[in-house]
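Good morning, everyone, and thank you for making the time. Please have the sequence and the structure open while I talk.

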Amino acid sequence: MAQILVVDDSSTVRNEVGDFLKKNGLDVTLAVDGRDGLAKLKADASIKLVVSDVNMPNMDGLTMAEKIRSELGNAGVNIVMLTTENSPLMKERGKAAGIKGWIVKPFKGDAVLATFKKLVA
Amino acid sequence: MLTRSLQASLSTSAESCEIAVVSQLPEIEKHETVILTVSSYLFRLMVMIHFKSDASTMDHIARMNGMQAQDMSKQSFHDAIAEYGNLCCGILNRDLGAFFPHIGMSTPNFIGGQCMTYVEMLDCAHIQHFKIHVNDVSIFHVSLCVSAYEELDFVVNENEESANTGELELF
């Protein structure tokens, strides 16, 4: 049962983030886009944290975050965006969807590990 | 601005990365190219990262991913280069966003090196080519093409750091 769902269309980022979290004792599930992420979240009630890219094919990360709240009614899962984007407008949209935080790529695991562990506790 | 983003995305901080302007691209038809666009209603710029699937490039990309070249599939090699292009243009997008709020960037796309012979047809106002050496080995060539629809003028502080990358901003 996973604690963290990593959603990114880039296998490089999925593997980098997933491998780092696994090495640090966290259980990880990977998804390739927002649609896949939503399906995996529906199938696994143990997921406590979603770390997601914004720009992805099929369904982007912000739309996925909105659907997590509106369709799944899942207020318990924390959502953090991991993206090259730093636009205030996008952040506002994310806040409105109830996301917990925003990380500008590249991913630096050591800088966020302690917070991620708190978010899955 | 571009050289800073290229250095940050195409090499690690532990490596030496030298970027030089070159007048033309060598044997470009033998390369592949990952292309990204950053644009607003005032301008469009394209960044094209040219690379070969040769041993030195494979070694470099594998090293950046913390793996051995022989363990890297062709798909993961291409995916990694696409992601580094994405990182590079993400930095440009953020830096230019300070001056042009209505700005957006594309996702990475691959084209064959032979497509570069048609770049002149885009009638860009500015085209510049770069050669990138990492640890004294030539790894990438990069082309920057800019089209402006209005007269543009802005001042970049080269010493100013880009966004705090990698840090979690909690809401």
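Before I name any pairs, a word on terms: two strands count as paired if DSSP finds at least two bridges between them, and helices (H or I, at least four residues) and strands (E, at least two) are DSSP runs numbered from the N terminus. What you see is a predicted model, in which local features need pLDDT of at least 70 and side-chain atom pairs count only at pLDDT 80 or more, while totals for chains, interfaces and linings use all residues. Residues are numbered from 1 along each chain as its sequence is written, and chains are lettered from A and ligands numbered from 1 in the order in which they are written.

Let me begin with chain B, which has three helices and eight strands, arranged from the N terminus as α-β-β-β-α-α-β-β-β-β-β. Its radius of gyration, taken over C-alpha atoms, is 16 Å, close to the 16 Å that the globule rule (2.2 Å times the number of residues to the power 0.38) gives for 171 residues, so chain B is as compact as a globular protein of that length. The C-alpha trace of chain B spans about 45 × 45 × 25 Å along its principal axes.

Within this chain, β6(B), residues 126–134, has two antiparallel pairings to look at: six bridges tie it to β1(B), residues 17–22, and nine bridges join it to β7(B), residues 137–148.

Which residues of α1(B) are buried? In this helix, residues 2–10, they are S5(B), L6(B), S9(B) and L10(B), where buried means that 20 or more other C-beta atoms, placed from the backbone, lie within 10 Å of the residue's own. Seen down the axis of α1(B), these residues fall within an arc of 105°, taken from the directions from the helix axis to the C-beta atoms, so they line one face of the helix. They pack against β1, α3 (74–97), β6 and β7 of chain B, contact being counted when C-beta atoms, placed from the backbone, lie within 7 Å.

Now to the sheet that involves both chains: six strands form an open sheet of mixed pairing, in the order β2(A)-β1(A)-β3(A)-β4(A)-β5(A)-β8(B). Its edge strands are β2(A), residues 28–31, and β8(B), residues 168–170, each of which pairs on one side only. Inside the sheet, β3(A), residues 49–52, and β4(A), residues 78–83, are parallel over four bridges, with V50(A) bridged to I79(A).

Where the chains meet in this sheet, β5(A) and β8(B) pair in the antiparallel sense over three bridges, and G101(A) stands opposite L170(B). The contact as a whole takes 23 residues from chain A and 22 residues from chain B. On the chain A side, α1 (11–23), β5 (101–104) and α5 (109–120) each supply at least two residues, and β5(A) gives the most, with four.

To close, I would come back to β5(A), which both pairs with β8(B) and gives the most residues to the side of chain A that touches chain B.

Definitions and conventions: Buried ≥ 20, exposed ≤ 12 C-beta atoms within 10 Å, placed from the backbone. Contact = placed C-beta atoms within 7 Å.
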